[in-house]
Amino acid sequence: MATVVGDRIFINGNLQGDEDLTVHGRIKGTVNISKSLIVEPSGIVEAEVQVANAVVSGVVVGNITATDSVEILKGGRMVGDITAPRVILTDGALFRGGIDMGDVKADDSGLADARARAAASRRPGAPARVERPAPRPAAARPATRPSSPARPTPPRPAPPPAPRAAADVPSAPTGMGASAAGGGGPPAAPKPPSPPGGRRKKILLKRR
Amino acid sequence: MANANTIIGSSITIDGEITGEEDLVIQGTVKGKVSLKESLFVESSGTVEADIQVAAVEISGQVTGNVVASDKVELKSDGRMVGDIKAPRVLIADGAMFKGHIDMER
């Protein structure tokens, strides 16, 4: 049970559902699915994305919120912000934006929690897991973070891809004030990658 | 890492600035600023609360601060970092914890 968007398909609008979605073509708008989004090397997603897992080998411009993990593989390119308990950047991936994995200052139990999740999911080709383990103590979380665990979430207005200040990074306990000042150069200016030419035939696909 | 020249042991705390032109391994605690022409290794017992400017850094411990690397930043599976990264190559392993901003523009 999976949906495939072929490489000569362009979808402009909102896409939501409860099955895996593989994108070889182009999607613009919002994507809200409770399983995995796979952006193949030819795929282009310009969207606010809410998923359980995202695996990016193509291009994503927009923000991704994942209940489980976001993985950017070699050749994958993304501009936008990632919110997910697990984020994996592979060598050869290109990324520009913010990453929020929740409470980084986790005590060892939180860390063990993350490890367990990471270990549990190291099964290649495993089906998407929607559920999440019990959340860490709410008190330890930044207030801005949604605190509910497993959620095939209702659409939540996400901030625009960029530019953004790094000000939402909580400054570290021992006052690396520079961190909050966003010393990382000018804010990201998302420029949609120029789509591969020659296949601009636009077809609207209506999901069942 | 085996041929790293300088090692800051796990019982050592440094508050200040470290500059140099050779590899540096941190097993202890460093606060302030680290500026190297070579690689920095923050081992699992290491804690760095500093702005870091290096060619490459490999993080298995904890880093708080901003990192600018001319080559790459690698967060290992037990690494934890809060801060911003600017480097042409950034690797985050599964299990690593990171919060901040990444800019890979060359």
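**Exercise 1. Which residues of strand 5 (residues 39-42) of chain B point one way, and which point the other way?**

*Solution.* This is a predicted model, in which local features need pLDDT of at least 70 and side-chain atom pairs count only at pLDDT 80 or more, whereas totals for chains, interfaces and linings use all residues. Residues are numbered from 1 along each chain as its sequence is written, and chains are lettered from A and ligands numbered from 1 in the order in which they are written.

Step 1. Strands (E, at least two residues) and helices (H or I, at least four residues) are DSSP runs, numbered from the N terminus.

Step 2. In a regular strand, side chains alternate between the two faces of the sheet.

Step 3. In strand 5 of chain B, S39(B) and F41(B) point one way, while L40(B) and V42(B) point the other way.

Step 4. All of these residues are buried. A residue is buried if 20 or more other C-beta atoms lie within 10 Å of its own, exposed if 12 or fewer do, and partly exposed in between, with C-beta atoms placed from the backbone.

**Exercise 2. Summarise the make-up of each chain.**

*Solution.* Step 1. Chain A has two helices and twelve strands; from the N terminus on, its elements run β-β-β-β-β-β-β-β-β-β-β-β-α-α.

Step 1. Chain B has zero helices and twelve strands.

Step 2. Of the 208 residues in chain A, 39% are buried. In chain B, 54% of the 106 residues count as buried.

Step 3. In chain A, residues 24 or more positions apart account for 29% of the contacts with a separation of 6 or more. In chain B, 3% of the contacts between residues at least 6 apart in sequence join residues at least 24 apart.

**Exercise 3. Describe strand 11 (residues 86-89) of chain A and its pairing with strand 8 (residues 64-72) of chain A.**

*Solution.* Step 1. Both faces of strand 11 are covered: R86(A) and I88(A) are buried on one side, and V87(A) and L89(A) on the other.

Step 1. Strand 8 and strand 11 of chain A pair in the parallel sense over four bridges. I72(A) stands opposite L89(A) in strand 11.

**Exercise 4. Explain why G80(A) and I33(A) count as buried, and locate each residue.**

*Solution.* Step 1. G80(A) is found in the loop between strand 9 (77-79) and strand 10 (82-83) of chain A. G80(A) counts as buried because there are 26 C-beta neighbours inside 10 Å.

Step 1. G80(A) and G98(A) are 18 residues apart in sequence, and 6.9 Å apart in space from C-alpha to C-alpha.

Step 2. I33(A) is found in strand 4 (residues 26-33) of chain A. I33(A) counts as buried because 23 C-beta neighbours lie inside 10 Å.

Step 3. Leaving aside neighbours within four places in sequence, the contacts of I33(A) include Q16(A), L21(A) and V51(A).

**Exercise 5. State how confident the predictor is in each chain and in the complex.**

*Solution.* Step 1. pLDDT is the predictor's confidence in each residue, from 0 to 100. Chain B has a mean pLDDT of 92, and 95% of its residues reach 70 or more.

Step 1. Chain A averages a pLDDT of 69, and 49% of the residues score at least 70. Over residues 123-208 of chain A the pLDDT is below 50, and this stretch has 146 contacts in the model beyond near neighbours in sequence.

Step 2. For the complex, the predictor gives an ipTM of 0.75 and a pTM of 0.62.

Conventions:
Contact = placed C-beta atoms within 7 Å. Pairing = 2+ DSSP bridges.
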